[in-house]
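This briefing is for a reader who is new to the structure shown below. It starts with the ligand and its surroundings and then turns to salt bridges.

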Amino acid sequence: MNENAIAILGGTGDQGLGLAYRFTQAGRPVVIGSRKLDRAVEAAEKVREVVPAADVEGLANEDACTKSPIVILSVPFEHFASTVKGIKDKLSPGQIVVSMGVPLATAVGDGAMRTVGLWQGSCAELVAGLVPQGVEVVSAFQNVSAHRLQHVEDEVQCDVVVSGAKAPRERIMELCALVPGLRAVNGGPLANARIVEEITALLIGLNIRYKTPEGLGIRFTGLPEA
Ligand SMILES: NC(=O)c1ccc[n+]([C@@H]2O[C@H](COP(=O)([O-])OP(=O)(O)OC[C@H]3O[C@@H](n4cnc5c(N)ncnc54)[C@H](OP(=O)(O)O)[C@@H]3O)[C@@H](O)[C@H]2O)c1
């Protein structure tokens, strides 16, 4: 396992690719995971086209998650549980799983401007109930637009509320600092993920009403300088 590497499962999609561009641009090794090895390899090639010096490889999800202390889940909400169940035997204590999922009502055939209520409280807490003991879950990056992540020539301009236990939360807050324009905000315990996930549905509605397909972000005012 490479201590600096970041694995992104479902990194073949828009959000995962955007993060892969940004993290490799910052010099961090990235492992892209997919259900299909050839899609992962293809996505790694895409990252190299955008970031020629990228240290990136593509692997099947179950192999990708063993290569990095940080594993970002970048699949649609409705596939979180099956994805976590598919890799959980490969996870080891001390690894951090990052939940970026939002329980959009599209999961039940409704619109993306609303969410569905979850017994667990949030997608992140759903994940926390599925990972093996000793694996930490942190919630982050739900309010960041894929479009803005992918436009690597521009700053992203968004606050990222990071929630979870203190030590893993601080490690994920450090990741935000790798991306120009992202600012990590200490979001406290994982249960606060339920508030952060809801904001994404609001942002999707705002993007539609204000015709901003590039995606709005959020900023908190009055925070002391870190
Ligand atoms: N897009 C955004 O602007 C945005 C913003 C904030 C947060 N997010 C969150 O980030 C996550 C990824 O978003 P996205 O837009 O990148 O999603 P996406 O493109 O729709 O899907 C991402 C990847 O999920 C995998 N996937 C699809 N169906 C699956 C299934 N049945 N089981 C397991 N994996 C499956 C696919 O990878 P393979 O086929 O290669 O396995 C796909 O490339 C979501 O949870 C979303 O809520 C997205």
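A backbone N or O atom of Ala-146 lies 3.1 Å from an oxygen atom of the ligand, which is a polar contact in the sense of a pair of N or O atoms within 3.5 Å. This is a predicted model, in which local features need pLDDT of at least 70 and side-chain atom pairs count only at pLDDT 80 or more, while totals for chains, interfaces and linings use all residues. Residues are numbered from 1 along each chain as its sequence is written, and side-chain values use heavy atoms, with hydrogens and water left out.

**Contacts of the ligand**
- A polar side-chain atom of Arg-35 lies 2.8 Å from an oxygen atom of the ligand, and a backbone N or O atom of Asp-14 is 3.1 Å from an oxygen atom of the ligand.
- Taken alone, the ligand exposes 890 Å², of which the protein buries 76% (accessible areas by the Shrake-Rupley method with a 1.4 Å probe).

**The shell around the ligand**
- The ligand is surrounded by 21 residues, the closest being Thr-12, Gln-15, Ser-34, Arg-35 and Val-75 (each with a heavy atom within 4 Å of the ligand).
- Eight residues of this shell are nonpolar, ten are polar and three are charged, with Gly counted among the polar residues.

**Salt bridges**
- The whole structure holds six salt bridges, each a side-chain nitrogen of Lys or Arg within 4 Å of a carboxyl oxygen of Asp or Glu.
- Glu-125 forms a salt bridge with Arg-194, and their closest N and O atoms are 2.6 Å apart.
- This pair links distant parts of the chain, 69 residues apart, with Glu-125 in helix α5 (residues 123-128) and Arg-194 in helix α8 (residues 193-209), where helices are DSSP runs (H or I) of at least four residues, numbered from the N terminus.

How values were computed. A polar contact is a pair of N or O atoms within 3.5 Å; within protein, one must be able to donate a hydrogen and the other to accept it, and residues adjacent in sequence count only if both atoms are side-chain atoms. Helices (H or I, at least four residues) and strands (E, at least two) are DSSP runs, numbered from the N terminus.
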